[in-house]
Structures are given as C-alpha cells and as structure tokens.
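Please walk me through this protein model with an eye to its charged pairs, its strands and its aromatic rings.

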Amino acid sequence: MTKKLILSLSVCTYLSSNDSIIELNQISVTQTKQEEQNLTIANSISKKDKNEIDLDQATTQKELLNSLSGVRIEQTSSGIGHTTAIRMPNGTNGYYLFMQDGIAVQSSGFFNHNGLAYTSFENADNVEVLKGAGSALYGSDAVAATINVNSLEKPSKQLEREVKTTAGSFGFYSAKAEMSDTIDEKSAYRANVSYSTEDGYREHTSYDRVEANLRYDYKYNDENILKTIFNYTKTDAEQADSFSDYSYITDASKKASDKASFYTALNNTDIRREFDFARLSVDWANYSNDNLEIVLTPYIRFNENKYVATWEKNLPSNDTKIYTFGFLQRNTLDTNYGEVIFGFDTEYTDSSLVYNQDFTTINRKKTY
C-alpha cells in the first residue's frame, strides 16, 4: 500500500490600493420610507436588486422572492395566486402587508392572501422584505412581514429604450418594453409595459397577464418635488380545481365526485380567476425647512378579484370590487437627539361582493 502526504499552501494577499477595495452597503427604503443603509437598521430586512431579478428572470411571485433568506412563497392552482410563509407557517391568514412603491396594494380590513398578484412583480426594479412586525409607519397589517415591490427606478438623464422577449416550455412567452428620458430641467419620466402568457404545466393552468407602470417626476423648485406613479395589472388565469386527474371529470366518473351534478357544474361554470388592479398616486415632497421633510401622498386605487370557489361542492362564482381613496402624510424631523418620524394615514373604501350560482342542482328521491 502506498501512502501519500499532501501539503496545502494558502497565500493571502492584501491590496492597499483604494481602487482595489469596493465596499457594498445595501440601501433600502422600506424601514423608514427613506433611503438608509441596511447596516444601520435595527431590523431584519432583505433586498433583491434589479441585476439579481434580471438574472433570475422572475415570472412568478415565488421566483421573485424565494431566493431571499427566510421567505417562502407558494403558487396556488390558478398559477398567479399564492400563499406566504415569513416567520409564520405557510397559509392564507392576514399577517402580511403587500405594498408597491411604498403604498399598500389592498385596503386594511380587505386582506387577500393573493395580494402580490396585484403588484408588478414581472417588471420589478427591486423588492424589499421587512421580516417581523413592521414599524408604526405601516400599522397593524404588518404582523409577520412587509413586502414592498418597487416597480420603477428613477428616470434616466438620457433617452433609454429596451425591449426583451422570453420564451420557454409549456407555451410560455413574455415581451417587455421600457423607456425613460429627461424632458427638460424640471421633468422626466420612465414607463414600462409587459405581456406574458403560458399554457401551464398541466391542464386548466393557462394564463394571460398584462403589467404597465408610468412614473413622472417634476421638480417645481429646490423645495418642492412631485412624483406621479400609475400602476396597472390584469390577469386572466384558468383555475385548476382540486382533482388530480381531469379524465375522471371528462368521463363523468363517480370517482371524481359522489354527486353526478358536479360534472354538470363543470360544464356550466367557467373555472377561472381574474385579478385586476389600477392605482394612481402623487408624492409631494417639501423641503422648505432644512431639518424637516414633509411628504403628502394622495392616491386612488381599484382592485377586482373574480374566481370560482372550486373547493365548494356547488362551485359558486365570486366577484369582489374595491374602490379606495387614500391619503398618506409623513414628516421627518432631524434633531440633535436623532430622527423623528410622525404623520397620519387615512383611507376611504367602498366594496361590493357578488356571489352567483351558475347552475341549479336538484336532488330527487324516488318514492314507491
């Protein structure tokens, strides 16, 4: 038997040149709604930048977020629906605050666990996750985590145009376009739009989705800056039910259901889920006082969630529409003792909910 002795030599080299050392201090805004280094924040916050998002080619919420430590998103049978697990078991309970560009995508008291479907996750510039209970800035909705999807970075100083197309398995296709420019010394804009479609990895899982975002910055003077953002998303997805084999349904086999009426229901009901979202917001930042920043943010928002309750035996269809007018007000005061943030938030929401039974089931008993 031959014995071998292996020696390993490690050499560490320190380069004193300033050009050779690069310090990476990640900046986030979700904690205080202002740019701040993560190292100075006494909270657990994770951020995913545009370069990483582009590398992952995220087309679903889980592809956007699951690479972050301690974050788990599961897609539901509609493809775009999802459940969330951040410092809580995976589920559908209202422990999370879903935001886009620093504003909640749904009203407090109207929580839907599919809330990330309203965001522009396919066009995200970056995403930030504040794990654990949120600060008073976000209220009681931010129990287990706050997820903020930022859809648009600052407008460019020169004309930028970009078009991307992606194709994949199961009939997936995506097209994206983005454009940005500075109009004059006071105004600039950035806009993006995308369309994606997929046949699905199994029957009844196809979807079509549109996202559009527009940002317009206007500098009235050195003390007053306006930022207007419009967000729009529309999703139309087939909604696979809980059966694992659709041949049972096609054959009207009783293996799929004890009631033959269920097969009739599937023929008469369009098993789909639709998510529609639109929001217009205006940020007015005032810097008249050197030590005080005042930000006023009025916004209007529309949410619609349509689906068929496949988990119910009578397959009722549901159409929920929510109209919201909101106003956010934040003041940031720098003092010798530290930074003080105060303000108030308010919303007015009008909601309608319609349930519809798409078919009639009559149980007849024979009597002799």
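Arg190 is buried, with a relative accessible area of 4%, where buried means under 20% relative accessible area, exposed means over 50% and partly exposed covers what lies in between, for a 1.4 Å probe and with protein chains only. Its salt-bridge partner is Glu160, and the closest N and O atoms of the two are 3.5 Å apart; a salt bridge here is a side-chain nitrogen of Lys or Arg within 4 Å of a carboxyl oxygen of Asp or Glu. Helices (H or I, at least four residues) and strands (E, at least two) are DSSP runs, numbered from the N terminus.

All of this refers to a predicted model, in which local features need pLDDT of at least 70 and side-chain atom pairs count only at pLDDT 80 or more, whereas totals for chains, interfaces and linings use all residues. Residues are numbered from 1 along each chain as its sequence is written, and side-chain values use heavy atoms, with hydrogens and water left out.

A search of the whole structure finds 19 salt bridges, and another of them joins Arg209 to Glu122, with the closest N and O atoms 3.6 Å apart. This pair, too, links distant parts of the chain: Arg209 sits in strand 13 (residues 207–221) and Glu122 in the loop between strand 7 (103–104) and strand 8 (126–131), 87 residues apart. Both Arg209 and Glu122 are buried. A further salt bridge is formed by Lys47 and Asp49, whose closest N and O atoms are 3.7 Å apart; here Lys47 is buried, at 16% relative accessible area, while Asp49 counts as partly exposed at 33%.

Which part of the chain does the rest of the structure largely enclose? Strand 9 (residues 145–150) is largely enclosed in this way, because 6 of its 6 residues are buried. Ala145, Ile147 and Val149 point one way from strand 9, and Thr146, Asn148 and Asn150 point the other way, yet all of them are buried. Strand 9 also has pairing partners, two strands being paired if DSSP finds at least two bridges between them. With strand 6 (residues 96–100), strand 9 pairs in the parallel sense over 5 bridges, and Met99 stands opposite Asn148 of strand 9. With strand 8, the pairing of strand 9 is antiparallel and runs over 6 bridges, and there Val127 stands opposite Val149.

The aromatic rings can be taken next. Rings of Phe, Tyr and Trp (its six-membered ring) pair if their centres lie within 6.5 Å, and planes under 30 degrees apart count as stacked, over 60 as edge-to-face and the rest as tilted. By this rule the count comes to 6 aromatic pairs. Among them, Tyr96 and Phe98 have ring centres 6.4 Å apart and planes at 25°, so the pair is stacked. Tyr96 is buried at 3% relative accessible area, and Phe98 is likewise buried, at 2%. Tyr96 and Phe98 form one aromatic cluster together with Phe111.

Phe327 and Phe344 make a tilted aromatic pair, 5.8 Å from centre to centre and with 40° between the planes. Because Phe327 lies in strand 17 (residues 317–335) and Phe344 in strand 18 (residues 338–356), the pair ties together parts that are 17 residues apart in sequence. Phe327 is partly exposed, with a relative accessible area of 21%, and Phe344 is partly exposed as well, at 43%.

For the chain as a whole, the secondary structure comes to 4 helices and 18 strands, and of its 368 residues 41% count as buried. Among contacts (heavy atoms within 4.5 Å) between residues at least 6 apart in sequence, 59% join residues at least 24 apart. The chain exposes about 21300 Å², of which carbon and sulfur atoms supply 52%, the accessible areas coming from the Shrake-Rupley method with a 1.4 Å probe and, for residues, with only the protein chains shown counting as cover.
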